[in-house]
Amino acid sequence: MEAAPALRTFSPSSSSPAGVGPRRVLAAPAPAPRRARALAAPPPPRAVASSRAPLVVSSPPPPPAVSVTPAPTPAHAKVDRSGRFCSPRAARELALMISYAACLEGADVVRLFDRRISARREPGYVFDKACLASYNHMSFGGGPLEVGTEEEAEKLTSENEMDSVNEAEVLSAPPKLVYNNFVLRLSRELLVAVASGWDKHVDIIDKIIPQTWKDEPVARILELCILHIAMAEMTSKGTPHKVVINEAVDLAKRFCDGGAPRVINGCLRTFVKDHVDNTGTSQAAESKA
């Protein structure tokens with residue numbers, strides 16, 4: 001039986017060299033993947049397999065805790081003096097959001113980014129920057145949470161719903177209101193690297209991803225975008241491999257489900273071993289030089 005095609009085409013960037021054919025992109029959009037709807041354009045409330053762990057009411061109720069340890073401050077959820085995100089993780093998350101939307105629209109990632117940045121706000125639109133203070137880039141999924149009573153379960157469910165509404169507000173806001181110039185610049189640089197290395201990385205990805213992902217490309221657009229961004233960063237920005245892989249795995253934990261983080265970790269380690277030297281330079285690029 002012939003395997004379903006994993007890759008298709010979309011219109012090339014206006015900055016593509018003369019004579020270069022259309023870029024291959026992930027399969028043409030069907031309904032948005034069940035896990036990735038939070039990154040669609042415009043991103044609706046996070047309706048993917050939620051990164052919040054499900055709640056389980058235990059019986060009998062556990063004894064009350066003796067002490068309460070304050071929750072740690074979320075890592076990477078940093079804002080600058082203007083109240084906007086300023087961390088590299090925010091740039092990677094923005095690049096992922098744009099890449100995913102570009103695949104759904106069949107658009108060029110850099111053109112879509114520029115269009116989003118220059119888009120005018122709707123009349124009367126007001127963005128509450130307080131949303132950024134409670135936004136957590138490190139909100140991951142996990143096993144079921146056990147609570148002692150129905151009241152505790154309802155409280156946690158309510159908190160999860162409020163967090164989802166907050167995330168939807170942040171992800172759908174105009175980028176210039178959410179991200180500072182450093183994040184916008186880094187995100188665009190990543191997307192330029194993604195576009196320039198797309199065809200080469202498509203061939204590599206096709207060899208290292210599991211067959212199940214090849215059989216359902218539309219359902220794996222988000223995971224494949226994470227791989228493209230990570231490979232582009234390693235070969236163009238010189239970021240240490242371990243940092244890039246950890247960031248990619250964290251994005252998968254946050255926005256994907258199932259075994260995606262483990263698969264992405266393995267794919268990127270294979271990519272580093274076979275296609276990137278110790279300095280972060282693509283071996284294929286060196287051989288051409």
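This is a predicted model: local features need pLDDT of at least 70, side-chain atom pairs count only at pLDDT 80 or more; totals for chains, interfaces and linings use all residues.
1. The buried residues in question are Val-109, Val-110, Leu-112, Phe-113 and Ile-117, in a helix that runs over residues 109-118. Viewed down the axis of α2, they fall within an arc of 160°, so they line one face of the helix.

2. Have a look at the N-terminal end of α2 too, which is capped by Asp-108. A side-chain oxygen of Asp-108 lies 3.1 Å from the backbone nitrogen of Val-110.

3. Next, the core. The largest nonpolar core has 70 residues, and Tyr-179, Leu-227 and Leu-268 have the most contacts inside it. Helix α1 gives the largest share of this core, with 12 residues. If neighbours within four places in sequence are left aside, Leu-227 is in contact with Ile-205, Ile-209, Trp-213, Ile-264, Cys-267 and Leu-268.

4. Now to the aromatic rings, where the count comes to 2 pairs. In one of them, the ring centres of Phe-85 and Tyr-135 are 5.5 Å apart and the planes are at 45°, so the pair is tilted. Phe-85 sits in the loop between β3 (55-57) and α1, and Tyr-135 in the loop between α3 (130-134) and β4 (145-147), so the pair ties together parts 50 residues apart in sequence.

5. Phe-85 also pairs with Tyr-179: the centres are 6.1 Å apart and the planes at 50°, so this pair is tilted. It links distant parts of the chain, 94 residues apart, with Tyr-179 in the loop between α5 and α6.

Terms used: Residues are numbered from 1 along each chain as its sequence is written. Side-chain values use heavy atoms; hydrogens and water are left out. Buried means under 20% relative accessible area, exposed over 50%, partly exposed in between (1.4 Å probe, protein chains only). Helices (H or I, at least four residues) and strands (E, at least two) are DSSP runs, numbered from the N terminus. The arc is that of the directions from the helix axis to the C-beta atoms. A polar contact is a pair of N or O atoms within 3.5 Å; within protein, one must be able to donate a hydrogen and the other to accept it, and residues adjacent in sequence count only if both atoms are side-chain atoms. A nonpolar core is a set of buried Ala, Val, Leu, Ile, Met, Phe, Trp, Tyr and Cys residues joined through side-chain atoms within 4.5 Å. Contact means heavy atoms within 4.5 Å. Rings of Phe, Tyr and Trp (its six-membered ring) pair if their centres lie within 6.5 Å; planes under 30 degrees apart count as stacked, over 60 as edge-to-face and the rest as tilted.
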